[in-house]
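Subject: Structure for your review

Dear colleague,

Please find the structure below, together with its sequence.

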Amino acid sequence: KLHSDLDKGVGTVKYTLSGDGAGTVFTIDETTGDIHAIRSLDREEKPFYTLRAQAVDVDTKKPLEPESEFIIKVQDINDNEPKFLDGPYVASVPEMSPVGAYVLQVKATDADDPTYGNSARVVYSILQGQPYFSIDPKTGVIRTALPNMDREVKEQYQVLIQAKDMGGQLGGLAGTTTVNITLTDVNDNPPRFPKSIFHLKVPESSHVGSAIGRIRAVDPDFGKNAEIEYNIVPGDGGNLFDITTDENTQEGVIKLKKPLDFETKKAYTFKVEASNLHLDHRFHSVGPFKDTATVKINVLDMDEPPVFSKPVYTMEVYEDTPVGTIIGAVTAQDLDAGSSSVRYFIDWKNDVDSYFTIDATEGTIATNEILDRESTAQYNFSIIASKVSNPLLTSKVNVIINVLDVNEFPPEISVPYETSVCENAKAGQVIQTVTAADKDLSPAGQRFSFRLSPEASNKPNFTIHDYRNNTAGIETRRNGYSRRQQELYFLPVVIEDSSYPVQSSTNTMTIRVCRCDSDGTILSCNVEAIFLPVGLSTGALIAILLCIVILLVIVVLYVALRRQKKKDTLMTSKEDIRDNVIHYDDEGGGEEDTQAFDIGALRNPKVIEDNKIRRDIKPDTLRFPRQRPPVEDNTDIRDFINQRLQENDVDPTAPPYDSLATYAYEGNGSVAESLSSIDSLTTEADQDYDYLSDWGPRFKILADMFGEEESYNPDKVT
């Protein structure tokens, strides 16, 4: 309630209200000044309001007193229950944990004013989950309440937690939440076989390395705590089998290490041990974390293929053995209880297998063709054995047949068949060591012997000495040999082998007499020996040959120069009445100036060649000279030029393509007219050579020469 001292109660004062909630939450009676709440208030929404009030004159609308400010505070009541903002909760705790093991802490929030009364004082309690867990009423910490809780017995627990305000007193508000607690696994259980004996049946035809059975030990633990390792306990039959762990199913997979044979052994018994890989030291007192079971394996009889008595058969036969000769046999048996008969045949793969045959019933192998060791020394093929009762069951074995050598080839001298002896050789000197070779397969210890043939043993020139180690030396029997008397000697050598029957051959050695120095080094064995009786040495013969060659070269050069000189006679002769060529020794433009010697420019400057031909290379096509009209007055010159042209066309020694052949015929219609004195109507003194200067730099020297002669003419007056 607001009241001004100036308010006399006659209605002259008006009260106004402004600030938080004025007109919406609070209202004021303008006459009395009473303030009323027009809707419910919530402390949790807004705990206080700041308002301003003023007394105003009704008539003048002027304030009677200054504006005053006041605060309206909302008083709390217990109208909010505690709430678990993070619920529901999920927690875990290891199994077999002791009492009081920490699990989780929960927290509830009350929106009421904690400074006013007990509206916000919360107390925690368990409504569901006892007697397994407990909670601290003040802190909300959840702990285990029972010892040795076993995950394998019960894994999941749901606990209902209540939070109540007013300190848990009667009339307080409460809120609840759920806590899901899981017991995590520990390795507290050893693996156990569900039975003590496992029986397995395995066919004897099982392959080595294949799985023949599975056994499983049960471990109630989970994850890595349930991983099991299986081992075969050493004992009867354990060396034929192996066991591994299937990581997905934790089963023990028994595999075969060696082949089984029902006829040899029908049953095997051994023990298998299962143990945990990851042990927990806290539970060692429980007992050993392993278990043992017995495995009995019964081998089943299967219909098997025949079995050969040997893995490989090796036989020997002499070459040239008659066809049909038995050289050996293979044997295969059916070891099954029925004991079926066996049939044999050759596994045909190529033409080599046709050299032999096999008896289908007895398994004897015989030759089918004549064998030659020098062609093929060893044969390798396969024999297949099949059961009569079941032809599909077959087995295979390799047969190796070595062809033994028969001494059918005589030994021969190895290279060389030719040797030499010095003219100055001494008696007893070894000039060559020879060895022998035999195409036959020489067995261990075979020896070769060497001797001279009977017809050569009486000759006093050479002999042979057998060293008894399959080699022999050729020795001289006299001092000195002369090529003049005899250049070649032929020595027949007989070689025998030690095999049966004994084979021998006669080999002729060629011995050439050579000239040697004092140290025995061969100087010459060539045909120059025919000059030795004349007394000419090697140096003299070489000098004579060189002189002959030099003389031949001089003659050839002389003949070539004479031919060249004969061709150039017409061009160089100054007495030739048909033309005079003036030599003024002026160098041309060099090799690059290919037009420096075009004589056509002298004779007719106005004539232009459409296609100029290079003189330094061979032309692709033969271009015939341009036909010119005959000159009636110069018939002898035309005949001369045609004659020279024909001679150059057929002459094989004609100049090369970059040479100039001058025929001394200038043609008809020249602007410069004739430069020759032939057919000239005037004398040399009457000629005016000044026009030569107008022809260009190429005729400058020629103009100077004729102009100089004209200037020194004594008959001309200047």
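N470 is partly exposed, because its relative accessible area of 23% falls between the limits for buried (under 20%) and exposed (over 50%), taken with a 1.4 Å probe and protein chains only. N470 is placed in the loop between β33 (462-466) and β34 (471-476); strands here are DSSP runs of E with at least two residues, helices are runs of H or I with at least four, and both are numbered from the N terminus. The phi of N470 is near 70 degrees, a positive value in a residue other than glycine.

Please note that this is a predicted model, in which local features need pLDDT of at least 70 and side-chain atom pairs count only at pLDDT 80 or more, while totals for chains, interfaces and linings use all residues. Residues are numbered from 1 along each chain as its sequence is written, and side-chain values use heavy atoms, with hydrogens and water left out.

A positive phi also occurs at N148, which is not a glycine and has a value of about 55 degrees. N148 belongs to the loop between β10 (141-144) and β11 (156-164). Two cis peptide bonds may also interest you. One joins G87 and P88, with omega about -5 degrees, and P88 sits in the loop between β5 (68-73) and β6 (89-94). The other runs from Q130 to P131, with omega near 5 degrees; P131 is found in the loop between β8 (123-128) and β9 (133-135). Most residues other than glycine have a negative phi, and most peptide bonds are trans.

D185 lies in the loop between β12 (174-184) and β13 (197-203) and counts as buried, at 17% relative accessibility. Leaving aside residues up to four places away in sequence, D185 touches E95, R151, E152, D221, F222 and N225, where contact means heavy atoms within 4.5 Å. The D185 side chain makes a polar contact with the side chain of R151 at 3.1 Å and reaches the backbone nitrogen of F222 at 2.8 Å. A polar contact is a pair of N or O atoms within 3.5 Å; within protein, one must be able to donate a hydrogen and the other to accept it, and residues adjacent in sequence count only if both atoms are side-chain atoms.

Finally, L552 is located in helix α2 (residues 538-567) and is exposed, with a relative accessible area of 55%.

With kind regards
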